[in-house]
Every structure is written in structure tokens, then in C-alpha cells.
Amino acid sequence: MKYLSYIESIEFATDALSKGRAFLTSGKDAPNTMTIGWGSIGYMWNRPVFIAVVRPQRHTHGIMLKESEFTVSIPTKNDLSAALAFAGTASGRDGNKFEGHGITASPSQHVSCPIIKECGLHFECKTRLIQDMTGDRMDESVIARSYPARDFHTIFIGEIVSCYTTDE
Ligand SMILES: Cc1cc2nc3c(=O)[nH]c(=O)nc-3n(C[C@H](O)[C@H](O)[C@H](O)COP(=O)(O)O)c2cc1C
């Protein structure tokens, strides 16, 4: 395991997000993971942050409202396309996504919810702000493209307390 500056990871992680190749994992006692494609790594309140957007319908959303920690794990050497497709369509409400799909929940370093063992790049985050989006001041072109049903995301801003690679 090697700690990284979050800045070193931005380019790789943002490219992976744009391809829908990241797992967001939450839940200490009953961990769950889901695929994410939207998110940002940046700097706010004098801290590095990961900004995730999660729709209220997700099982993950309920966990993230209750528990103020989450991790983001990104595949590096392993393809994990099948696991990403599964985690991005199945819900943790209906079964344990860690059983039989080639991904393993593994202990984190600084938060109590796990990382995904088969991934090589990890962000451990503590939630500092939860904010529901509304359409009130959203550009109409964004609403038309991303929210025709006005099912807006909730924004979770997590302080990145640890960023590291588990690749050799
Ligand atoms: C490529 C891809 C990217 C996705 N990105 C997001 C995202 O950024 N936010 C979100 O709320 N859902 C996103 N989803 C949908 C969730 O991963 C999906 O609804 C998942 O089944 C939710 O799991 P859960 O109910 O166990 O939380 C994405 C799905 C895919 C396939």
C-alpha cells in the first residue's frame, strides 16, 4: 500500500469516472457498493474533497444519510467490467453484491466502511455536507438532459482523509 496525494490521482480517477468505472462503497456493518460515473475530486474548506452525487432511490443513499463515511475504489490492473455492470444495476436492497461477483469488501485504513479489494486506487472519505439538488437554479439544458423526470441527485461532499494505491 502506498499513500498518494489526491492531486496525483485526479487525472486517472476523473477519466475512470467518465467511463463509469468506479465503486462507491458505504455501510460499516452491512456494506454495499454501487457503480458511479459522476463525481469530482477537488479542494474545499481547506481540505481535499470527493463530491459524489447519489439519487434518493439508491439503497446507498439511505446508508449515506445514516453513516457519514464512504469510500471510492477504482479499478487499475483488473478489468472488473462485469462487477461494475452488476453493481450499477442490482440494488443492495435485493441481495449482497459482494457474493459471487468477483469483488471483495476489504478493511479501509481510516474509515469504518470497506474498500473494494480488487481495485488499485482508493479514496476514503468522511461526509462533510449533504445537500439535495433542486431544479430551482439549474440550467434548463441540464434538466432536460439529465433530469427530465426531475429526480435530482443528492450531493455528498466527503473530505478525502486518505488516498492510496494497493498496486505493487
Ligand atoms: C456506469 C454507471 C454509472 C452510474 N453512476 C451513478 C451515479 O453517479 N450516481 C447514482 O446515483 N447512480 C449511478 N448509477 C446507478 C447505480 O449504480 C445503480 O442504480 C445501483 O444499482 C444502485 O445500487 P444500490 O441500490 O445498491 O445503491 C450508475 C450506474 C452505472 C451503470
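Analyst: Cys 113 counts as buried, because its relative accessibility is 1%. Cys 119 is in no disulfide, and the nearest cysteine sulfur to its own, that of Cys 163, is 13 Å away. Please keep in mind that this is a predicted model. Cys 119 is also buried, with a relative accessible area of 2%.

A disulfide would need the sulfur atoms within 2.5 Å. By this rule the model has 0 disulfides.

Now to the helix you asked about. Helix 1 covers residues 6–18. Its 13 residues should span 18 Å at 1.5 Å a residue, and the end C-alpha atoms lie 17 Å apart, so the two values agree. Along the way, helix 1 has a kink of about 30 degrees, centred on Phe 12.

The two ends of helix 1 are worth a look as well. At its start, a side-chain oxygen of Ser 5 comes to within 3.0 Å of the backbone nitrogen of Ile 7. Just after helix 1, Gly 20 adopts a positive phi of about 65 degrees.

As for burial, the buried residues of helix 1 are Tyr 6, Ser 9, Ala 13, Ala 16 and Leu 17.

Note on methods
Residues numbered from 1 in each chain as written. Predicted model: local features only at pLDDT ≥ 70, side-chain atom pairs only at ≥ 80, totals over all residues. Heavy atoms only, no water. Buried < 20%, exposed > 50% of the residue type's maximum accessible area, 1.4 Å probe, protein only. Helix = DSSP H or I, 4+ residues; strand = E, 2+ residues; numbered from the N terminus. Expected span 1.5 Å × (residues − 1). Bend = angle between axes of the 7 residues up to and from the residue. Polar contact = N/O pair within 3.5 Å; in protein donor to acceptor, adjacent residues only side chain to side chain.
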